[in-house]
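Hi everyone, thanks for coming.

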Amino acid sequence: MQSEQKKLTIKEKLGYGLGDTASNIVFQMVANFMLIFYTDVYGLSAAAAGTLLLAVRLFDGFTDPIMGGIADRTRSRWGSYRPYLLFLAIPYAVFAILAFITPDFDSTGKLIYAYITYGLLMTCYTAINIPYGALGAVMATDPKERTSLQSYRFAMAMAALVVIVWAIPKLVEFFGEGNDQLGYPLAMVFMGTLAAICFLLCFKYTKEKSVPKVEDSTDGSIEQPKRGLSKGIFTDFLMLFKNDQWVIIAVISLITLILIGIRASVAPHYIKYYVGDESLLSSFLTLSAIGSVLGAVSTNFLTKFFEKKTLFQIALLVVVVSHSLFYFLGADEIVTIFIVYFIANFAHMIITPIMFSMVADTVDYGTKKLGKKLIAITFSGHLLAIKFGFAIGGALAGWILAFTSYEPNVTQSAESLSGILFAFAGVPVICTLLCIVVIWKYKLTEPEVRKIQSSLEKAS
């Protein structure tokens, strides 16, 4: 156990963070540009695009527990979770490119192509991101060290967000020269390559410290148990719901990702139609991304002074207030709109790394309560909640636009503008208020986690 308690080096933390840089190159592309790509470039209706985003993510979400069970049972000379970073980095980049190609098909063919390519992308995201998330839990066991690792992770994830929201509009314009159907896939060639490189560097600079290696795996191949895999995965997944603290974090994650999914999806619409100046989009999203980076970086510092549940609750209150302010701001108050969105993203990115560190803490709690250590299956269940939330948020964005008579590339009616504002600010307020209620039930404070870990050490 002594080696597990050693502090991680900066190199290890940065190496781990590169994995979420890679993940977020695609995740943020999907979150910020997929809906407007489908409606204004690809040619789908807002309702069809919303249904697509929901259906694919829900289907893909059911693969999460399976992937978690497979990863937990994986044994190789590289460990249990790192091999997936190595072998799936390139397919991840390829599927990202394919998802943003506009084929010369009729409307039915284009819809089928969108379902297939987006489905493949999100399935590959599952297969690489679940082992990546679990990797963080076996790199550190100390609660503060876990929070520190996650703050590095999300600072670098938000660095990817900065790159994406600043570069994508410029790359699309540069490569497409006015033809967005050409510009988007070429921009993704650049970004997909960058993502693959980041995953490979994450593999190189990280190490699994608390998962035993299988000594008889000499060729580096991934080994699986020969019996009971599907039944064991299903049983393990059901056990998660006996972990009441994990359930709390899963519910909060679901609600939080509804917020992210809907707000990110309509942010381009908010600037293009509500504010009325599409040229501001890159600057608007870039400034908000900088706020997210600073929020993630600040989390590591702020947890030295606040217990993380307390800090979590404070950040939630700031998110509520900042989003509420959009209802009092006129479309011409550009500077104030930028500042408020910066604050909203700063506070939200304090929430996110704490939330992920709490998932790792629920693993220890579940080990003590249930008598079985479920690492990747716990993170897969958490990612399932995230995907469902993101799916619901993206679908709601499309459905709200459709319900309020949104039409692409024309001046919007007062009804559609109110729908855009509700999706961008109103739904996030509702979601955050729900999170404030749910987090009161969470009891795994830092002293409590250390107490649980000490009990587990004595029992072993």
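**A walk through the helices**

Let's start with Ile-255, which sits in helix α10. Helices here are DSSP runs of H or I of at least four residues, numbered from the N terminus. Before going on, a word on where this comes from: it is a predicted model, in which local features need pLDDT of at least 70 and side-chain atom pairs count only at pLDDT 80 or more, while totals for chains, interfaces and linings use all residues. Residues are numbered from 1 along each chain as its sequence is written, and side-chain values use heavy atoms, with hydrogens and water left out.

Back to Ile-255. Is Ile-255 buried or exposed? Ile-255 has a relative accessible area of 10%, so it is buried. Buried means under 20% relative accessible area, exposed means over 50%, and partly exposed is in between, with a 1.4 Å probe and protein chains only. Which residues does Ile-255 touch, leaving aside its neighbours within four places in sequence? They are Cys-431, Leu-434 and Cys-435, where contact means heavy atoms within 4.5 Å. Ile-255 and Cys-431 are 176 residues apart in sequence, yet their C-alpha atoms are 5.7 Å apart in space.

Further along, Ile-271 is also in α10, which covers residues 244-275. Ile-271 is buried, with a relative accessible area of 1%. Setting aside neighbours within four places in sequence, Ile-271 is in contact with Gly-276, Asp-277, Glu-278, Leu-280, Leu-281 and Phe-284. Met-158 is 113 residues from Ile-271 along the chain, and their C-alpha atoms are separated by 21 Å.

Now to how helices pack. Two packed helices are described by the angle between their axes and the distance between the axes. The axes are lines fitted to C-alpha atoms, for helices over the stretch in contact, and the angles run from 0 to 180 degrees between N-to-C directions.

Take α2 and α10. Their axes come within 9 Å and cross at roughly 50°, so the two helices are oblique to each other. For the cut-offs, angles under 35 degrees count as roughly parallel, over 145 as roughly antiparallel, 65 to 115 as roughly perpendicular, and the rest as oblique. The crossing of α2 and α10 is right-handed. A crossing is right-handed if the near helix is turned clockwise from the far one by less than a right angle, and left-handed if anticlockwise. From α2, the residues making this contact include Phe-27, Ala-31 and Leu-35, and α10 contributes, among others, Leu-257, Pro-268 and Tyr-273. Sorted by type, the contact of α2 with α10 has eight nonpolar, four polar and two charged residues. In that sorting, Ala, Val, Leu, Ile, Met, Phe, Trp, Tyr, Cys and Pro count as nonpolar, Asp, Glu, Lys and Arg as charged, and the others, Gly among them, as polar.

Helix α2 has another partner, α8, which spans residues 180-205. How do α2 and α8 lie relative to each other? They pack at an angle of about 160°, with axes 8 Å apart, and are therefore roughly antiparallel. Their crossing is left-handed. The contact of α2 with α8 divides into 19 nonpolar, five polar and three charged residues.

One more pair: α11, residues 281-302, packs against α13, residues 334-370, at about 40°, with axes 7 Å apart. This crossing of α11 and α13 is right-handed. Their contact has 15 nonpolar and eight polar residues, and no charged ones.

Let's return to α2, which runs over residues 10-42 and holds Lys-13. Lys-13 is buried, at a relative accessible area of 7%. Not counting residues up to four places away in sequence, Lys-13 touches Leu-8, Glu-145, Ser-148, Leu-149 and Tyr-152.

What about the inside? The largest nonpolar core has 152 residues, and those with the most contacts inside it are Tyr-38, Tyr-184, Tyr-270 and Phe-326. Such a core is a set of buried Ala, Val, Leu, Ile, Met, Phe, Trp, Tyr and Cys residues joined through side-chain atoms within 4.5 Å. A second, separate core has 10 residues, including Ile-233 and Met-239.

Last stop: the loop between α14 (376-403) and α15 (414-439), where we find Ser-405. Ser-405 is not a glycine, but has a positive phi of about 65°. Most residues other than glycine have a negative phi. Asn-409 is in the loop between α14 and α15 too, and has a positive phi of about 60°.
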